[in-house]
Every structure is written in structure tokens, then in C-alpha cells.
Amino acid sequence: MCEKCKGKFYITTPIYYPSAKLHIGHTYCTVATDAMARYKRLQGYDVLFLTGTDEHGQKIEDKAKEAGVTPQQYVDNIVAGEKGVLDLWKLMNISNDRFIRTTDSYHVAAIQKIFKKMYDNGDIYKGTYTGKYCKPCESFWTESQLVDGKCPDCGREVQDAQEEAYFFRLSKYAGRVQALLENTDFLEPRSRVNEMVNNFIKPGLEDLCVSRTSFTWGVPVDFDPGHVVYVWIDALFNYMTALGFENDRYDDLEKYWPADVHFVGKEIVRFHSIIWPAMLMSLNLPLPKKVYGHGWLNFNGEKMSKSRGNVVDPYILAERFGVDALRFFLLRTFPFGSDGNFTNELLISTINTDLANDLGNLVSRTTAMSQKYFGGTLPEGGESAALDEELSLLAAEVVQKYEQAMDGFQFSVALGEAFRLIGRANKYIDENAPWVLAKREESRPRLLAVMKNLCECIRIAAILVSPVMPDSAQKIFDLLGVPADGRVWDSLRYCALGAWQTSVGAPLFPRIDVEKELSALEELTKPPVPALQVEPLSPERVDFDTFCKSDLRAVKVKACESVKKSEKLLCFTLDDGTGVDRQILSGIAKYYKPEELVGKTLAAVVNLPPRKMMGRESCGMLLSAVHTEHGEERLNLLMLSDTIPAGAKLC
């Protein structure tokens, strides 16, 4: 290691599920990771920044089948195809040192060895999985963990699952993981610790299902054909296989492991802070130093999602506003540990206020005045004043607080410090009024000092914002004529002395016409109006005798009400012709008001076993039709003629 190197720093993003529609939310964590990697490099650290894609699992297999291609072809197109993951990272100026795909052959072979090691040491055993499975999240849940009968993470329907499977003895490590979370700074922000301990560990940490037999797209368990490794073992160990663990592709494990920090979204904190350390404990491997669970980037209060139709296209935003402005907005506006609400209005306001009015205006005024009063050449000398000392002290304070904030992953606070110096420099112009000083020859020494102090404040601010806005920082350095050794972290000592050679360029951040731009964005981001869509016909065949066992009856709605503490359920009191009221709960509150259904004649399956929902018993199921229209799911209850009596059999 070279003498000037401050040490190693290994930082990772989670590896991303290859989504067919990438949105600005996908870039949030990666831009933050990139800014931290650039910051550490700026300070002199030997940095390894890893990102990649998580390409196995049932949902990939299903989507590939729908698209009529193989799973490998499907992920290849999304990762390496036009506007795929690699293109997006290039667009957003992501400086990752390494990119891993879980379909890489070296990773697949390493995962097989890792699985076998945990099996050989007794921490993986064979059994039968019975429970609930969320395919979009690739997550297993117990009945008690569901919310309104649905996945607690994404709110989607879960499937009953029963199959032969291998299990990891997660329960064995519950005490050690709880102590890790409660007694160290392994997981931040601290609020995430309470969520993990109270919601998952204290209720009883169950052993984890770690293989599947109901699909084939995954890492095969090489000693038991038919089983594939659970995607979260496959995904989590990428942080080590990408360094050479259990493979000879790389040889960096001893140098970079343990990782300094994993940046992850809050929805996968459970996997990284409970399952990941437990598996490392099983193999007697060092734990990463920290997991930091950031919040979601929401759109109008909802998590960005293709299914909700609220995705924001980063290509459109980058083309119209510039990549650096977009990167700056993401990290300046939203505290990294909390959720943030993205709006186009907020994006434009931030660009206009911070970048156009404050930073851009400061650079333009300074370089223009330098050109006007000194021909762009600021020679040695100048006359100092008390205001200069104040500026110097503030710059030193800003650098110190910026460093503290960045080391704590508080990007918005760090950028706020840089802009405190920028704001003070703008005020310094008004206090010194260079246009007045320029009128008197005897004031030129003071004017020279003022211009050089402004250049120095801009230089320091440009260094501080460079991890977030690397291209803009270099443009600023070029406009000020800053030499290479004045663009680095070790040059952050305030020193306005010496000569400067400035030039004038186009505005760094032109001011945006808010109304005009919002109107243009609305047109550009309007989703195409799709044709009416219905669910494809099921290939599964049901024999006639089995179908005839379903008892379908006409029922009349006597009463209907919303279910307290549920946004989705309505509770029906029905006349089914037996003389005894029947109660059925249905998740259709989004589509109907209770009062408009009273008196209607509906169709119901009445011989289903009773099921508890939100503490109430539901005895049957109402029939409805579901389709997608203009990108939104529509549901219509199957309504019958009121002339049909209650209890009439449907056949």
C-alpha cells in the first residue's frame, strides 16, 4: 500500500433485480454509493465499489416464459441491452470498480460450495416447507407475519407453498444476531434496529427455507438434483464471491473483506441484518462493518412502481436537466435514512434555487467580474480585510462539518454545508460591492483581494460537491484555472493568495421556466394508453368432476360495511336461501362503496371452508371479473338479475 493511501474502503449497493422498466428510484441508492466511493477516493482511500444484478428466481423464470425467451436471454437483455442496467449506470456516471451478475459462472460455482459447507457443518438440513410465499419479493412468510393476508413488504397476494426443501438453522443464531444489532452500530439508522428485533427476532426467529423444487431457474444444489438455492443466499454472498471467495476469478478477499458498508433499501434490511450475519456466523467468517438501510424514493407519497404507473424515467430527466443536477437533487433534497417524496416541481425548484441561483450565479458573477476588471488574470498581491478572515474561518468550519456528515452518510447535510459557504460567498459580493471598488484606482488592491477570495471559496465548494457532481466540479475548476493539485482533498486549506487565471463560459445551470417545463414533462411522461388487458387463460386443466364440487349460488346483499383497520375489505351479510345469514369478506373496497351494493344479487361459492380475515370469519367467496384498462386494474362483481331468487344454484 502506498504511503499516501489512507487505507482500503469497500462499499456495495445491493445487486438489483433486473426490472424491465427502470426508474429514478433505482438510481437513488447507487448514486449515493457512488458519491461515497468518490468521496473516499478524494480523501486518498483505496476504494472498491461493487454493484451488480440479482438474476435468479421464480419471477425471472415466469417473466421469461411470458416473453417467450429463455431466462438467460431475458436477463441478458435487461442488464446489457439498450437502456438496461449497464446503460443506466453509464448515464448516471456511476464509477463502480466491479459489476457482478449472479449468473456469472464463477459466482454460481462458489454458491454451490458455500451451500455445501453450511450443509456439511449441520446448519442446513432437509425438510418440507409449508407456508406462504411472495413471488415478487422472493420471500417466505408465516401466517402471523402477513398483513391483511398479504405480503407485509409489498402488499401483494401471497401463494400457499408446500414442497420438499432445505432449511438453514436461522433460529440457532437468533441470540447472537440480536446482540449484534442491539449492542453495536452494525445496523443504521438506529430505528431499523428496533424494527428488526421487535418484528422478527423477539416473536421467534424461524429456520429459513433455502432451496426450491417448484422451479429450475437458480443455482442448482449440486448434491441433490431438483433443488435450486434460495435467491437470497445466492444474492447475499455476491459481496464476497466478487472478491474471490470460493473462486479463483478474483483475489481481493483478504484485502477488502470485511466490507466497510453495505448500502441497502429498507425493504431488504431484514435479509442484510439478520440472515446475512447469521450465514456468515455459520461459516465463521468476519461480518461486514456496517449495514445502512436508506429510505424509499416515493412519488406522490407512494413507492415508485411500474404496477402503480408512477415511475419516473431517469433518461428523460437527465436529458432535460443534466446528470449532475439530477444526482445533486437526489442527495441534497432527501435525508438518506428517511423516505423522500419525488415531484417534478421539487426537482425544478431545487435546480433553480441551489444550482442556478446560488452556485451557478456565484461562478458566473465571479468569472465575469474577474474578466471585466482584470482581463481574467488575478496577479499576486491584494489588500485583505476583516471580512476575508471571517470567510476563511467559515470555510474551515464548513470543511470539518462536511467531513463529519459524509462519514455519517448524511449527504443532504454535507451538501448543505457546502452551500453554506456558497451562500456566504454570494453575500460577500454584496458586502464588498466590487463594481464600486472598480471605480477607484486606489481600491484596486482591495478589489483584487475580493476576487481572489471569491475564487478560493468557489474552489473549496467545488471540491466538496465533486463526489456528487463530478463533471460540474471539473468545469468549475477549469473556469478558475485550478491546477491538478488544487482539486484534491489535501488542498482544502483556505489560501486565496497567489495568482489566478480565470475564463468565462456558458452558465453551468441555466434557470428553468417552471410552468413551461412542467407542461413539457407531463406530455413526455404520459404513459401510453394500453389496449384492454385480461389475464391469459390458464394452461392448467381441471377435470369435470372436480369443477362440479364447487357449489355456486345466487346470494342477495342484505347489508354491507367497511372492515375497521382494513383499507381493502368489505363485510357482506348475505341471504343464501337457507334462512340463516351468511357472512363473506371481500377485498373490493377500492372498487365499490358499501351502500351501493345493498340489495344486489351476486354470485358466490358457498362450500369453501371458513377463513379468518381481520378477526372475522368469511364463509365463501364472491365472484368477480378482473381486467386492466388504461394501465389500471378494474374489478367488477358478477351481478345477477334481481329476478333470480336467493339460493338458486348456478350451473
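How many helices and how many strands does the chain have? The chain has 21 helices and 28 strands. Helices are DSSP runs of H or I with at least four residues, strands are runs of E with at least two, and both are numbered from the N terminus. The model is predicted, so local features need pLDDT of at least 70 and side-chain atom pairs count only at pLDDT 80 or more, while totals for chains, interfaces and linings use all residues. Residues are numbered from 1 along each chain as its sequence is written, and side-chain values use heavy atoms, with hydrogens and water left out.

Start with the whole chain. Its C-alpha atoms fill a box of roughly 105 × 60 × 45 Å, taken along the principal axes. Of the 651 residues, 53% are buried. Buried means under 20% relative accessible area, exposed means over 50%, and partly exposed lies in between, with a 1.4 Å probe and protein chains only. The chain exposes about 29,900 Å², and carbon and sulfur atoms supply 51% of that area. Accessible areas come from the Shrake-Rupley method with a 1.4 Å probe; for residues, only the protein chains shown count as cover.

Contacts come next. A contact means heavy atoms within 4.5 Å. Take the contacts between residues at least 6 apart in sequence: 74% of them join residues at least 24 apart. The chain has 76 positive and 87 negative charges, and their mean positions are 2 Å apart. Lys and Arg count as positive, Asp and Glu as negative; His and the chain ends are not counted. Each charge is placed at NZ of Lys, CZ of Arg, CG of Asp or CD of Glu.

Helix α1 covers residues 24–43, which is 20 residues. From first C-alpha to last, α1 reaches 29 Å, close to the 28 Å expected at 1.5 Å a residue. The expected span is 1.5 Å times one less than the number of residues in the helix. Of the 20 residues of α1, 18 are buried, so the helix is largely enclosed by the rest of the structure. G44 follows α1 with a positive phi, near 110 degrees.

Further on, K83 sits in the loop between α3 (71–80) and α4 (85–91). K83 is not a glycine, yet its phi is positive, about 60 degrees. This residue is partly exposed, with a relative accessible area of 46%.

Strand β6 spans residues 159–168 and holds A161. Is A161 buried or exposed? A161 is buried, at 10% relative accessible area. Leaving out residues up to four places away in sequence, A161 touches Y129, T130, G131 and Y133. F509 is 348 residues from A161 along the chain, and their C-alpha atoms are separated by 54 Å.

One runs from E188 to P189, with omega near -10 degrees. P189 lies in the loop between β7 (187–188) and α7 (190–201). Another joins W257 and P258, with omega about 10 degrees. P258 is in the loop between α10 (253–256) and β11.

I268 counts as buried at 12% relative accessibility. Not counting residues up to four places away, I268 touches P14 and W232. Y129 is 139 residues from I268 in sequence and 22 Å away in space, C-alpha to C-alpha.

Helix α11 itself runs over residues 269–282. Its 14 residues reach 19 Å from first C-alpha to last, close to the 20 Å expected. Where does α11 bend? It bends by about 30 degrees at I275, and the proline P277 follows within four residues. The bend is the angle between axes fitted to the seven residues ending at a residue and the seven starting there. All of α11 is covered: 14 of its 14 residues are buried, so the helix is largely enclosed by the rest of the structure.

R270 belongs to α11. R270 counts as buried, at 13% relative accessibility. Beyond four places in sequence, R270 touches S139, W141, M196, F200 and I275. Just after α11, N284 takes a positive phi of about 55 degrees.

End at F409, in the loop between α15 (386–407) and α16 (411–432). F409 is not a glycine, but its phi is positive, near 65 degrees. F409 is buried, at 7% relative accessibility.
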